[in-house]
Amino acid sequence: MNDGAGALGHEVHVRPAVQASWSRAMSSGVRPSLPRAPLLLDHDSLAQLRDDVDWLPHAEQVVRAHASGAVLDGHILALFDHQARMLAATGDPRALDGLADINFRPGALWSEDAVGTNGPGTALATGRAVHIVGAEHFCSRWQGWHCAAAPVRDPLTQEIIGVLDLSGFREKAHPHTLSLATAIAVALEQRLATREAERRVSLLRQFGTLVGRYPTDAILVVDRSGDIIASSASAERVVRRLQASGRDATSALRTMSTDDARSQRLAHWEAPTRGLVRDASHPLIGGTAAVHALHDGRTAIGACLILPNAVVRATAGRSTSKEGPRDHSRPTATRYLLESLRGEAPVLDEVRRFARACARTDLPVLLLGESGTGKEVVAQGIHAASPRADAPFVAVNCAALPRELIESELFGHVSGAFSGARRDGAIGKFEAADGGTLFLDEIGELPPAAQASLLRVLQEGEITRLGATAGRLVDVRIIAATNRDIPTGIAAGLLRDDLYHRLNVLTLSLPPLRERKGDAVLLAQHFLAQARGTVAREFSPAVLQAFACYRWPGNVRELENLVKRLAALAEGPVITEDFLPAALRDASASRGVLHFASASVHGAPSTEHTRDDTTAPHWWHLPDEVSGATLAPSRTSDPVRDALRHRYASLVGAHATMREAAAALGVTRSTLYRRLQRLGLAPGRSVRNSG
């Protein structure tokens, strides 16, 4: 250093690797006078980190095998993770004590940008084995020592996962020290490679089991980096489809079933139950896969992906060849039929009749409705009932298309059309759906330029790939959908009016669930019957009442997700009100108060809660006098609240125990206590006012 000026002198007689490391340390603002390394982890944090590093037990076994007295005379062997945090150390007590003074001990951070040039930190920075001796250390406090460090790489991905370091007194330094550290690191990598081979055997064993169980399905097995290591015969079509899309098959599979499509890790595939993960879809496959994630301890080691045979046939139907027309000899399956639109509301019968009429024509269909009302179910049902049922059905979520790639996604591109384009070009969604149906979901989210291009295709039946000069004729039936208010969208310039008029031939509005009286309960029971891995078999009357009262802003999708949640949380055969979200409980309570008030005003019991007055519990009827219970008048004159208080007081008075009263109401005892408390009633041998 030039008198502390913060710059290296021009004549620095050290190895180039050391000089480069010094420069990096200066750029990071490391002080040469730093007294000790930062101690990042306390005892508990260090223990948690050690548990998370799945290769550490193997490394400690290798270290013990090489930690003889002669090797560690005046030295210690230390293990670091990929962030240069020390995980463990063993060796000569004199060296351990001396190095502890500068925090060269477990829990400390020894990265190059934190403590300057040192063995483990510089090995991580350069990705190479290094030997830093004495004054080559950037900080003066480290210069009484020497460090020989070698990176440890993952045998599967070749990423650096840690560092093995052999450090000791400076006078103990020897040219062979680095060779010894490297040899121990190689021994560790060989042990990890053996573990990886054992994991692969486990994956292949699971693959064999699934092939025997599902002989007609396409099954792929991938390791934790997403690379395909085996596939069934019928899965070869899927791999060819992925490759024909212009993307590497393994690259596409790495993103399958993840929440973050940019992630290249298998961690998103981990299921809390280490079991079956359902509904793992991928646009290149066009169907729903089942993913069996396999684990070694807490580490995901790979997965088996199962595509039902119908989806494989659909994938084959969507395959495109440059040499000839698409082969439609095999059917392209859709997941839904018009019969999949469940419900008994009269308005739904009208929807089905109109959809069947749409299926008999090739005219454009525009589906309107709130999110979650089943627009794609209807679209697939129309396709399945149409003469195009054996041809492709391609769904496109217009809101999910990258703005700069929309036209390429819809119409395809030729070689060199833009930076990153496929060398031999690629087909778009229109060509993929040639002869079949193209479902454009959320069409109102397309930018105006893309809407103009789409309008021309609809008018002329011809697409032009991005970068091409000649057009291509396509035979595609269009079904579009949006949850936007059409007049508002046109007025705001979000939807072209000429595109709307082109699509507005057969327009079908799907009713929200709140307008389908009785369907919420019917659908909930259907979804519960479809749920797997649950002990629940039915809903309590209070839960069904809540379903009937709630407005369901998320429509059928919200209901289905709620039923899945309730089924997963259920601890017995009956799902009770305790597990309902507050919004549903409040909706049910509000509706119940109104019915009670109506009964008290008109002197007649509400029939909303029972199918037959002859079988209704007697406490639903407002008595002239409440026997067996005491009820003080409420502080405010509220006829609705008073009526509800009389009902619950009558209920408790008519039963010997609170458990029996709760069972008669169809709720748990804790729920009944909570309701009484909200009404200002305190239960005992009789109900009394707690206010």
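**Confidence and folds**

A: The mean pLDDT of the protein chain is 78, and 75% of its residues reach 70 or more, pLDDT being the predictor's confidence in each residue, from 0 to 100. This is a predicted model, in which local features need pLDDT of at least 70 and side-chain atom pairs count only at pLDDT 80 or more, while totals for chains, interfaces and linings use all residues. Residues are numbered from 1 along each chain as its sequence is written, and side-chain values use heavy atoms, with hydrogens and water left out.

Q: Where does the pLDDT stay under 50?

A: One such stretch is residues 254-288, for which the model has 94 contacts beyond four places in sequence, a contact meaning heavy atoms within 4.5 Å. Residues 309-332 also have pLDDT below 50, with 55 contacts in the model beyond near neighbours in sequence. Where pLDDT is low, the predicted coordinates should not be read in detail.

Q: OK, on to the sheets. What's the strand order in the antiparallel one?

A: The order is β2-β1-β5-β4-β3, in an open sheet of 5 strands; strands (E, at least two residues) and helices (H or I, at least four) are DSSP runs numbered from the N terminus, and two strands pair if DSSP finds at least two bridges between them. At the edges are β2 (86-91) and β3 (130-133), each of which pairs on one side only. Neighbouring strands in this sheet are turned by 20 degrees against each other on average, direction ignored; axes are lines fitted to C-alpha atoms, for helices over the stretch in contact, and angles run from 0 to 180 degrees between N-to-C directions.

Q: How many bridges join β4 to β5?

A: There are 9 bridges between β4 (residues 145-153) and β5 (residues 160-169), and the two strands run antiparallel. Within this part of the sheet, V152 stands opposite G162 in β5.

Q: And which strands does α3 lie across?

A: Helix α3 (residues 56-66) lies across β1 (75-81), β2 and β5, and runs at about 165 degrees to β1.

Q: What about the sheet with parallel pairing, what's its order?

A: That open sheet has 5 strands in the order β12-β13-β16-β11-β17, and its edge strands are β12 (393-397) and β17 (506-509), each pairing on one side only. Between β12 and β13 (residues 437-441), which run parallel, there are 5 bridges, and V396 has L440 in β13 as its bridge partner. Helix α11 (residues 346-359) packs on the sheet, where it touches β11 (365-368), β16 (477-482) and β17, and its direction makes about 155 degrees with that of β17.

Q: Changing topic: how do α18 and α19 cross?

A: The axes of α18 (residues 519-530) and α19 (residues 541-549) come within 8 Å and cross at roughly 125 degrees. The two helices are therefore oblique to each other, given that angles under 35 degrees count as roughly parallel, over 145 as roughly antiparallel, 65 to 115 as roughly perpendicular and the rest as oblique.

Q: Which residues of α18 and α19 meet?

A: A520, V521, A524 and Q525 in α18 meet L544, F547 and A548 in α19.

Q: Then how do α18 and α20 cross?

A: Their axes come within 9 Å and cross at roughly 45 degrees, with α20 covering residues 555-569, and α18 and α20 are therefore oblique to each other. The contact is made by A520, L523, A524, F527 and L528 of α18 together with V556, L559, E560, V563 and A567 of α20.
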